[in-house]
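Here is a short briefing on one protein chain. Keep the sequence and the 3D view open as you read.

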Amino acid sequence: MVDNRSIKVKVLKETSKTVTIRMTSLNRKMPVPRKEFEKRVEDGLYEVIGGYDTEEEDK
């Protein structure tokens, strides 16, 4: 990673396959595939504002 800071995002809408987020610094909405979103949160790329519970799946 180039930058050590995380992007602050707010979860607007969730479906089974996508999570729609708002990037607070850019004031922009963006749909992200759920698996990619959860990976980015886990890796520290996104900091979720307002709370978000990841759905753990049996692997």
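**A sheet, a helix and a core**

Ile21 has Met30 as its bridge partner in strand 3. The model is predicted.

- Strands of a sheet pair through backbone hydrogen bonds, and the pairing can be parallel or antiparallel.
- Strand 1 and strand 2 run antiparallel, joined by five bridges. Within strand 2, Met23 is the residue opposite Val9.
- Strand 2 also pairs with strand 3 in the antiparallel sense, over six bridges.
- The hairpin of strand 2 and strand 3 has four residues between the strands. Asn27 in this hairpin takes a positive phi near 55°.

**The nonpolar core**

- How many residues does the largest nonpolar core have? The count is eight: Val9, Val11, Val19, Ile21, Met23, Val32, Phe37 and Tyr46.
- Strand 1 and strand 2 each supply at least two residues of this core. Strand 2 gives the largest share, three residues.
- In soluble globular proteins, nonpolar side chains tend to be buried together.
- Ile21 belongs to this core. Leaving aside neighbours within four places in sequence, Ile21 is in contact with several residues, including Val9, Leu12, Val32, Phe37 and Tyr46. Its contacts also include Lys10, Arg28 and Lys29.

**The helix**

- Helix 1 covers residues 34-43. Arg34, Phe37 and Glu38 are buried there.
- What covers them? The cover includes strand 1 (7-14), strand 2 (18-23), strand 3 (28-33) and strand 4 (46-49).
- Phe37 is a buried residue of helix 1 and also a member of the largest nonpolar core.
- Just after helix 1 comes Gly44, with a positive phi of about 90°.

Terms used
Residues are numbered from 1 along each chain as its sequence is written. This is a predicted model: local features need pLDDT of at least 70, side-chain atom pairs count only at pLDDT 80 or more; totals for chains, interfaces and linings use all residues. Side-chain values use heavy atoms; hydrogens and water are left out. Buried means under 20% relative accessible area, exposed over 50%, partly exposed in between (1.4 Å probe, protein chains only). Contact means heavy atoms within 4.5 Å. A nonpolar core is a set of buried Ala, Val, Leu, Ile, Met, Phe, Trp, Tyr and Cys residues joined through side-chain atoms within 4.5 Å. Two strands pair if DSSP finds at least two bridges between them.
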